[in-house]
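Let's take a friendly walk through this structure, one part at a time. Please keep the sequence and the 3D view at hand as you read.

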Amino acid sequence: MLGLLAVLVFSSPAAAHTVLIGSDPQPGAVLPRAPSAVTLRFEGALAAPACTAQVFDAQAGAVTGVSVRVVGPELRLALPPLGDGTYTVLWQARTAADSHPASGLLVFSVDTAGTAAEAGTVTPEGLVARWVGLAVLAGTLGGITLAGVVRRQPAAGTDPRLASTYRRALTLAARCAAGGALFGLVRLNDERLRGTAGLWQLVTETTWGWRWTGVEVAFVALLLLALQLRRDSRRRWWAGVTGAALVAGMCHALASHTSAVAGLRGFAVVAATAHILAGTVWLGVAFALAGVVGVAGTRALPGLTAPLVRLTAVSFGLVVVSGLIQAGLQVPVVGELFGTRYGQLVAFKWTLTLAVVALALRLRRPLGRETLVGLTAMLLLAGVLGLTPPPVAQRAAATTTSTASARDLLATVSATPAGADTVAFDLTVTSSRRPPPAPVDAVTLRVAGRAVALRPVDANRFAGVGFVGAGFDGGPVTVELMRAGELLRVPLQLPAAGPDRGLPLAPLLDVLAVLLLVVAGWATGPFRGSARAASQVDLAVAASARRDRQDHGIHT
């Protein structure tokens, strides 16, 4: 008898709760095409009369033409054609086994022109595009940088091997720049075919188009400058190279995770630009040297070892410092460094970078075959890392909830970011008195010094999307309710979206960056010894070349 009673108690409908277990699209998704439907999946079969849903745009306007139906455990919304922007689905549902309805919201964005940050789900197409983009930029900057190092050699005007290396390096840079420009045209056509915007609108009216234009102009400029430098190596042309490289690096940085950093985005863009340029120069010079000079490397050319060692040390220092700064901005606490996929990739990248440098120090070959293999692996890893959402971005998409009471009213507010500076709010108001003294007529939220008006969804629920400014991550909120001509205020505190509990990572990385710079400066000592030994070999090679002018070809 007791066993039967226990079964009846624990299997009662009140023990089951309505739980959302999945959705299509997923929360925070950025879709390249407007969806025709939204599906919300729950744990059990739904009670159709208790299920409702509404869709709002980024201006808090209700989207008309939405039809809702229940199919088993799914709540399905048929949508009208949607334009680009952020949309919020406000839903209320109850399973047949539950006596209390549940409610929530789902935020997704439509981005047919690629105006949102390109970080997100790692796809083969995205990886290939990022790898190709980084590779052609590295080849372009590496070839021009190698030509600049050769140009500064005292014997550059008299040694035919140096002159040939100078021309070959610039030819490699011009080919890579041309490849980058052509690849940009392919990407432009692909974006045009995938989206609904016309070609002119895509290029001139979208953030993606502005970034694409910057990179394309930079590659065309680098192509023309590389060809011009083959004939005329005056200083003004090198200044143009610096400007075009900065434009390309900054456009790549703006397409990275810098959009997820609130408050310090300008600083994040500078750090990302320095990281991209230093990394591509380091990688590009190594591959340009192998492609132009051959496996003999710097030993085949007199006087190049010491300046290339210095260039490698400076590039490595910039990669380390800028990389640590970026990690501190993207990974707020130490626990997320090893507890998230992005943090684990960052840690592995650091390990790989130090392994490459340690191997180069061990073998005293800063630009040998081993370094090329390590740098190739770093390029591949950078592609995956650039398409993986960092913890700060995942935190920005999280929903926070807070509850407070005033007099007989209990207010529960949920906040979900609906854009760079907008938040979707969902408010439920209940009264402890039965019956309630009067219905709530209007609701306004006071958030970050701004007023956000909420629309009624039903008698006890209000929702809306409001502009609150960039960088909102919880804080004080005042709920102002108008009931029977009386203004009632319910103050509450929204918690931060992410788990800030833990040791902050940024200060530790700042100290580590300084220590690694000191170590890098000390570690160039073995390279300096290698450079002196190589200089003696270079003198012998030069003497041999003077005796036999026929032996001055470039080994390819």
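How many nonpolar, polar and charged residues are in the lining of the second largest pocket? Bear in mind as we go that this is a predicted model. In that lining, 22 residues are nonpolar, eleven are polar and two are charged.

The second largest pocket itself holds about 730 Å³ of space. To find its centre, look for His 275, Gln 326, Lys 349, Ala 382 and Leu 385, which are the closest to it of the 35 lining residues. Several elements give two or more residues to this lining: helix 2, helix 7, helix 8 (305-330), helix 10 (341-363), helix 11 (369-386) and helix 13 (506-547).

Now turn to the nonpolar cores. The largest of them has 41 residues, and the ones with the most contacts inside it are Leu 141, Ile 144, Leu 146, Tyr 166, Phe 219, Leu 222 and Leu 308. At least two residues of this core come from each of helix 2 (124-151), helix 3 (160-194), helix 5 (207-231), helix 6 (235-254) and helix 7 (265-292). Helix 7 supplies the largest share, with nine residues. Apart from this core lies another one, of 31 residues, with Ala 138, Val 346, Ala 382 and Val 384 among them.

Setting aside its neighbours within four places in sequence, Tyr 166 is in contact with Ala 147, Val 150, Arg 151, Leu 229, Arg 230, Ser 233 and Trp 238.

Next come the salt bridges, of which the structure holds six. In one of them, the side chains of Glu 486 and Arg 407 meet at 2.5 Å, N to O. This pair links distant parts of the chain, 79 residues apart: Glu 486 is in strand 16 (residues 486-494), while Arg 407 is in the loop between strand 9 (400-406) and strand 10 (409-417). Glu 486 counts as partly exposed because its relative accessibility is 32%, and Arg 407 counts as exposed, at 61%.

Asp 408 and Arg 483 form another salt bridge, at 3.0 Å, N to O. Both of these residues are buried.

Finally, Glu 480 forms a salt bridge with Arg 446, their closest N and O atoms being 3.3 Å apart. Glu 480 is in strand 15 and Arg 446 in strand 12 (residues 440-447). Glu 480 is buried, at 12% relative accessible area, whereas Arg 446 is partly exposed, at 42%. Together with Arg 489, these two residues are linked in a network of salt bridges.

Conventions
Residues are numbered from 1 along each chain as its sequence is written. This is a predicted model: local features need pLDDT of at least 70, side-chain atom pairs count only at pLDDT 80 or more; totals for chains, interfaces and linings use all residues. Side-chain values use heavy atoms; hydrogens and water are left out. A nonpolar core is a set of buried Ala, Val, Leu, Ile, Met, Phe, Trp, Tyr and Cys residues joined through side-chain atoms within 4.5 Å. Buried means under 20% relative accessible area, exposed over 50%, partly exposed in between (1.4 Å probe, protein chains only). Helices (H or I, at least four residues) and strands (E, at least two) are DSSP runs, numbered from the N terminus. Contact means heavy atoms within 4.5 Å. On a 1 Å grid over the protein atoms alone, a cavity is a set of points where a 1.4 Å probe fits but cannot get out, and a pocket is an open set with protein on both sides within 12 Å along at least five of seven lines; lining residues have an atom within 4 Å of a point. Grid points are joined across faces, edges and corners, and a volume is the space filled by probe spheres set on the points. Ala, Val, Leu, Ile, Met, Phe, Trp, Tyr, Cys and Pro count as nonpolar, Asp, Glu, Lys and Arg as charged, and the others, Gly among them, as polar. A salt bridge is a side-chain nitrogen of Lys or Arg within 4 Å of a carboxyl oxygen of Asp or Glu.
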